Each structure stands twice: as C-alpha cells, then as structure tokens.
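Visitor: Hi, I'm new to this one and would like a short tour. Could you put it up on the screen?

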Amino acid sequence: MTNGERSDSIVRGFALSSVFWLVVGLVVGLWLAAEMIFPALNLAPWLAFGRLRVVHTNGLVYGFTIAGIFAGGYYLLEKLTRTRLAFPGLAKAQLWLFNAAIALAALSLFAGMSTSREYAELEWPLDIVVAVLWVMFAVNVMGTLVKRREKQMYVSLWFLVACVVTVAVVYILNNLAIPVSLTKSYSAYAGVNDANVQWWFGHNAVASVFTFPILAMFYYFLPKSTGLPIYSHRLSIIAFWSLVFGYLWTGAHHLMLTPVPEWIQTVALAFSLFLIAPSWASVINGFYTMNGNWDKMRSNYLVKFFILGITFYGLQTIQGPTQAIRALSGHLHYTEYIPGHVHMGTMGWVTMVISASMYFMMERISGREIHSVKLANVHFWLILVGQLLFTVSLWIAGIVQGAMWKATNPDGSLMYTFLDSVAAMYPYWAVRFAGGLLYFAGILVFAYNLYMTSRSTPGTKWSAASAAGSRAACVPSGEPG
C-alpha cells in the first residue's frame, strides 16, 4: 500500500486527540496533587477532589489511552493485513464521535453525574455512546481481518482481537444498570455481587486496555523501529494465550480480606501469581530481541522508550500479584502504595510505549523525520525521572502509612491516630507533586514535538531505507504492507 491508500488521516486524528486528552488529564491530575498539599484548592463543587479525581482517571483511560489504541490499532492493522481499513468512513465518524463523547463525559463528571463505580463512573447515556464507539472499532477490526491479504496473523493482531472482545464483554456486563432519570442510574447488581462484578471489570479493564493493546504495539513497533526480528514468535503466542486464560480469574484480588467468599479470593490470588510467568515471557522476549544490539539504546531514540516501558511492565507484573498475597494486602491495601503501583504502569509502561509508537507512526505518515530527536530525548528523561519520583515516593509513603495504621501500644491501643498518618504523608505528597510537574513538562515537550512532526511543512525526508531493514522483522513469512 502507498500512503495515499492508507488511512493516515484517521491515525493522525486519533494520535493528536490522544495527546490532547493526555495533556488535559494531567492538568487535572496536577491540580489533584496540589490539593493534597494545599487543601484550600479544594473548591467545591466543580473542583472538589471527588469530582476531579474521576475526571482525571476517565480522561486518561478513555481520552488518552483508548485514542492511542485506536491510532496504533488502525495503523498496525493495515500494515499487518496488507489491507486498507474495511470501513474508513466509519472510522472517520468514530473519530468525531469519540472526541464529542470524551468532552461530554468530562463535563458530566465535573457536574457530579457519576455512578460512583471506579473506572465505570459514566452514567448510562454515555455508556451507550461508549458501546457504540466500540462496535464501530470492532466492525473495522474484524472486517479488515476478514478481507486481509496477509493470511498469517502476527501476535499483535491476536492481542488486538483480544482487546476488542474483552473490552466489549466486561464493559457491557459491569455497566448493566437501571436508569431512574437521564442523569442517574443504579447498578443491576447488589451487595457483594456488585463488588465482585465491579472488580472483575476493573482488573480486566487493566488487561484489556493497559495490557493487550499495549503489548500489540510493543510487539509490532519494537522490531520495526530497530530492524531486529522478535526473539521468539512461539514465546509471544504462549504469552498471549496464557494471559488471556489467566486474566479473567484475577479480579477478586482487589477484594482480599473482605466479605467476598474466601475461595473466590484464593482463586484470584492463585491466578494472579500464575500471571507472572506469561507477563515475563513478553519481558524476556523484548530483552532477548535486543541481545547483542544494546548500543541501539544510545543510537535509536525510540528504543529506550520501548525497553524502559517493557521493564516497567515487568516490575509491575511482579508487584501486582505479590500485593494480592493476604499478608501484604493487609498491610498495603488502601494506602498510597496502590496509586504508586498503578502509576508505574500507566506513566511508565503504557505512556512510554504509546509515545514511542506515535513518534514512529507520525514519521511515516508525514513522510519526514521527527522534528527534533533532542526534544524526544528531553521528553524521555523528564518523564522517566518524574515517574520514578512519583511512584517511589508513594511506595515508601504506603509502607509508612500501613505501619502507622497497625502500630499498637503495649496495652493494645493504637499508637497513632488517623490524622497522625495523614500528617506524615505531606513530605511524600510534596515529592509526588514535584515528580508530576517534571512528568507534565516532559509530556508538553512530547506534544510539541509530535505536532511539529505531523505538520506537512518541508523538513528532512524520512528515510525509507532505514525502515526497509526492519520490514522482515514482524511477520515470519512475507512482508507487511
């Protein structure tokens, strides 16, 4: 396919939309971090912590990550199938509907319209819009796969299909609700069942949004950007089927030591520990792909994003399952340790891989080299240092917090009040805020660099020769279009 035959404008639109919502979501996140240090900033009702927090999470999950998945998914789909999107007009309509839906979602959450179910806070009219958007995406993915000219399906396509199917299933089942007005509904489930379904959805959202499609991008864009074949296709397929099999059973590890039946908690714990193996299969695959070529970490600006990204994925997939162990869960759950764990995955793994994938795609779409490699390197170091300050400070804060909550005097009374533990968090929150500022500065550099690269103004032509060496890397037989 030539550039004129690909759906470049759609990919560019989703990529730039993704970065726009990333900036908006981080601005809200910084305000939230500042509120933790300066409570006077908690300006109710519109800027109250409870409302801003859901705007932050939904903006980054649905605005940034999902748009990044649409951009990366459509790009690699066309390449790996050697076929143009089955319904490009539908994808264009999806782009416009997506941005309108995210804007309405943010507005409704600012206004306090929320189901109060984590990551599923949108009220039922917007849930329907989300479902419609996902059907539009699924129709294009499945339709393109049906008419593909490359018969062999590379592992990235398998991960993309898993994303399409699992998001649809868990989102629809968890958001079944009984509307009582246009802006209010109640869950179709009750009590412990409601909690169980909610966290079955919550953890599978991590798999469907933060794991499967990001691994699809990693397995496609790392070989393409380095010119190195993936170390083992067999290992990648083993990792895929093991992840798909294991993830669906782990949701209840969010409910350890709660009224949920103990056997359900134990099953979730066992499958959580099992997931370390397939997760690390992808980590090892990434590291061994670079075997003997580690100098590319210096010579190729994209490689360090992918390798540090998969490293954070590996760390997170050890940290997450071990947190499910009851003794550790009893000490760490509900503390600052958990946001630290989540942000290592989102700020490290997810954002680094999507950022590098967007740089790669935008060079090919615009037909010119990146606006500034130096700025890309600045972007990398700012988000790396910012993320480490953010997450490490919260891990330490969580351990301190958990210890203070459980400390007792010789007579059995609590050694600290809850307010004592809150006051002890201030230094850690200050470090987190500083880390967030650094991270945000890095993202602004990224947004500027990507936008300048996307413009069709004259610049250094992207070298097709540099990509030619990498073409054979992704598909064992044949060359993707």
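Visitor: Thanks! Where is the place of T250?

Guide: Bearing in mind that this is a predicted model, T250 is placed in the loop between α8 (233-247) and α9 (262-274).

Visitor: And does T250 count as buried or exposed?

Guide: T250 counts as buried, because its relative accessibility is 0%, and the cut-off for buried is under 20%.

Visitor: What is T250 in contact with, leaving aside its neighbours within four places in sequence?

Guide: With those neighbours set aside, T250 has contacts with H203, A268, F271, S272 and L275.

Visitor: Switching topic, which residues form a nonpolar patch on the surface?

Guide: That patch is made up of M142, V165, V169, I172, L173 and L176, which together have about 450 Å² of accessible area. Helix α5 (residues 155-174) provides the largest share of the patch, with four residues.

Visitor: Now the inside: how many cavities of 30 Å³ or more does the structure hold?

Guide: There is one cavity of 30 Å³ or more, and the largest cavity has a volume of about 100 Å³.

Visitor: What lines the largest cavity?

Guide: Its lining consists of W21, V24, V55, N58, G59, Y62, I102, A105, A106, L109 and L122. The elements that contribute two or more residues to this lining are α1 (8-37), α2 (49-81) and α3 (88-110).

Key. Residues numbered from 1 in each chain as written. Predicted model: local features only at pLDDT ≥ 70, side-chain atom pairs only at ≥ 80, totals over all residues. Heavy atoms only, no water. Patch = residues over 30% accessible without salt bridge, like charges linked within 9 Å, V, L, I, M, F, W, Y side chains within 5 Å. Areas by Shrake-Rupley, 256 points an atom, 1.4 Å probe, with all protein chains shown as cover. Salt bridge = Lys/Arg side-chain N within 4 Å of Asp/Glu carboxyl O. Buried < 20%, exposed > 50% of the residue type's maximum accessible area, 1.4 Å probe, protein only. Contact = heavy atoms within 4.5 Å. 1 Å grid on protein atoms, 1.4 Å probe; cavity = no way out; pocket = protein on both sides within 12 Å on 5 of 7 lines; lining within 4 Å. Points joined across faces, edges and corners; volume = space filled by probe spheres on them.
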